Amino acid sequence: MRAAWAKAGSKSIAIVLALLFTALLLLASGASPIESFRLIWQGSVGDGAKLADTLMAWVPLVLAASGLVVTFAAGLWNIGVEGQVVMGAIAAAFVAREFHAAPALIITVALAAGVIGGLLWGLLAGMLRVFGKVNEIFGGLGLDFVATGMVVYLVIGPWKRAGIASTSGTDPFPREAWLPTIGDKLSPIAVILAVLAVVGVYFLMRGTFFGLRLKAVGANAASAHIIGLSTRRYLLTAMAIGGGLAGLGGAVQAIGFQHKLVPAISGGYGFLGILVVLLAGYRAALIAPIAFFFMMISVGSTQLSLRLGLNSSLGGVVQGTLVLLTVLVGGWQAQRARRREPTEVES
Amino acid sequence: MDSTLATIVAAAAPLIYATMGETIAEKAGVINLSLDGSIMLSAMAGFSITYVTGSVIVGFLAATAVSAIIAALIAFASIELKLNQIAVGFVLTLLAAKLSSFLGTAYVGVKGTHVPHLAIPLLEDIPFFGTVLFDHNLSVYGSFVVLIGVYLFLYRTRRGLELQGIGERPEAAFARGIPVNKLRYLYTVIGGALVGLAGAAYSLDVKFGWRENLTLNFGWIALAIVIFGGWHPMRVAFGCYLFGALQVVALKLQPVEALQGVSQILPIMPFVLMIFTLLIVYLDWFKRFGDRHPAWRGLLTSDPPAGIGKVFERE
């Protein structure tokens, strides 16, 4: 109980410090912090259309972050998550471009293809790690580069826009392949998928033997091996789940939001997902609200560039500062606890 | 031919700074994962400070300070707070990159000063080597000095031996009276300072100016090259020049008629090829080859410092 209060305390200290830092940055660039925060609020949840934007950005972030909870539990740093989002988008784009059938069928197949694309890409990084002893950070990074190369190649090469090749993207997919929306943008299917993913991962980690064993492998692979768990199988399964969810995020991004393939199709949701999971303390339960808060900041800060002429990367600065401070303050409190009770074992 | 080689040497100079800095830190046992963001923020700081003050030297100093502070933060989080170095480094990567975009807006596309060309008299007249090595600027010569300096320091001095000791066997080093954590701070910060030089070398020399994401992915490549080079300065440098060569080739291929359709993909290719080389070198098969043929072993494989990324606590 005391630990829980300490955690809540460290989070609020971090939030206050992050707000102060942001306010200082805004003052230094000649903008009013209050006005800026108001613009971010209005630009993200101020009206229905803005809220739809925020929710549609929330979906791929939640999907990627849910998958990362699983890979982190296995003790893996899945830096390849960006590439997995991209491969999911490519696979979904392939289906959307090449298949002609009833919309429901195309969409189902495209989403499934997204899962498979991301899953295979995740599995590849996992196999490099398990069978090739390639650290998953650098294997994943390499696969990120390959995926980026592939999407740029497709956009300017084989799938180029009729007539001219341009990095602005392919032709839009046929209408049948777009996720159906309420209003202009909001796709209920996408939101439902994200909710299912985060709930599914929560129960996977909390309520199943698989989750328990996966955590054992992540906490201490050697001991897990001794009690008879196949560490290889657990690591690969974790990468497959993580990759599959990231790929689904990419697919939603492609057929639900962009409606075409663009070079920056990943939207940075993979790396941002890592920040979300770090801030959530690796727990699935907090993913959804934190991701929503992050997307309020991201979507809202585009208003800052429109209205105040500030660079919209301020959103990223706020997110990064918040996570950094939370991690540091958390570490500081843990250290104080260690000093008070030197024999207490960190759990 | 010699002018192409000279271009490669110049293109690789910032990477030499960054990889040497990271090699020192990692050999001392601390992983500074923040390189991609550190280099970017330092590049922005170096350019903007040079623009404001008019002095390239002050710009380089500012760039050095920025990355040194980031490195100090990682050392503090790891040594003092016992936090995961990878986690803190990763967050700082993204944060520093975003900060560079935000703070650097005013300097995008501005024409500023850069490191002046300075051929070294006499040496530049040596056939071939003169053009390749001695017809550059101070930023490039500095990369030679840092490379040779780090090599000599690590393998020819007592302090260098100590550095390897605190990364390989911190307990043993501590038992011999070496202040492990103090030195880890020191070398992480020095390493960070070198990473900062890399940033300034990009914005004040190789790329002349600042724009958003100017050095995107170069930090990641630097981290990968350090592994590829097995934490040995000379092999790491070989990796840097190999990457420089790939970049120059990609640049030369851009106007080729047959590749017109895909010329935009060429700038990414060096990253892809380099990472593939790393993957191949790091496959187990390659290691076994090294074990079977000891003569090749030193050249092909090597293990990371045993204490890398681990917190040292005195009992």
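How many residues of chain B are in contact with chain A? Hi everyone, let's start there: 40 residues of chain B are in contact with 42 residues of chain A, where contact means heavy atoms within 4.5 Å.

A quick word on the ground rules. This is a predicted model, in which local features need pLDDT of at least 70 and side-chain atom pairs count only at pLDDT 80 or more, while totals for chains, interfaces and linings use all residues. Residues are numbered from 1 along each chain as its sequence is written, chains are lettered from A and ligands numbered from 1 in the order in which they are written, and side-chain values use heavy atoms, with hydrogens and water left out.

Back to the interface. About 3700 Å² is buried between chain B and chain A, with carbon and sulfur atoms giving 82% of that area; buried area here is the accessible area (1.4 Å probe) that two parts lose on being put together, summed over both. On the chain B side, the most area is lost by B:F90, B:V91 and B:F102, together 17% of what that side buries.

What about salt bridges between the two chains? The count is zero, taking a side-chain nitrogen of Lys or Arg within 4 Å of a carboxyl oxygen of Asp or Glu. There are five residue pairs in polar contact, both at pLDDT 80 or more. Polar contact is a pair of N or O atoms within 3.5 Å; within protein, one must be able to donate a hydrogen and the other to accept it, and residues adjacent in sequence count only if both atoms are side-chain atoms.

Helix 4 of chain B gives the largest share of the side that touches chain A, 13 residues. Helices are DSSP runs (H or I, at least four residues), numbered from the N terminus.

Let's stay on that helix for one residue. B:T93 sits in helix 4 of chain B and counts as buried, at 3% relative accessibility; buried means under 20% relative accessible area, exposed over 50%, partly exposed in between (1.4 Å probe, protein chains only). Its side chain reaches the backbone oxygen of B:G89 at 2.7 Å. Beyond its neighbours within four places in sequence, B:T93 is in contact with B:L33, B:S34, B:D36, B:G37 and B:W220.

Finally, over to chain A. In helix 8, residues 209–219, the buried residues are A:G211, A:L214 and A:V217. Why do they share a side of helix 8 of chain A? Because they cover an arc of only 120° around the axis, taken from the directions from the helix axis to the C-beta atoms. On the other side, A:F209, A:L212 and A:A219 are exposed. Thanks, everyone!

Technical notes: Helix = DSSP H or I, 4+ residues; strand = E, 2+ residues; numbered from the N terminus.
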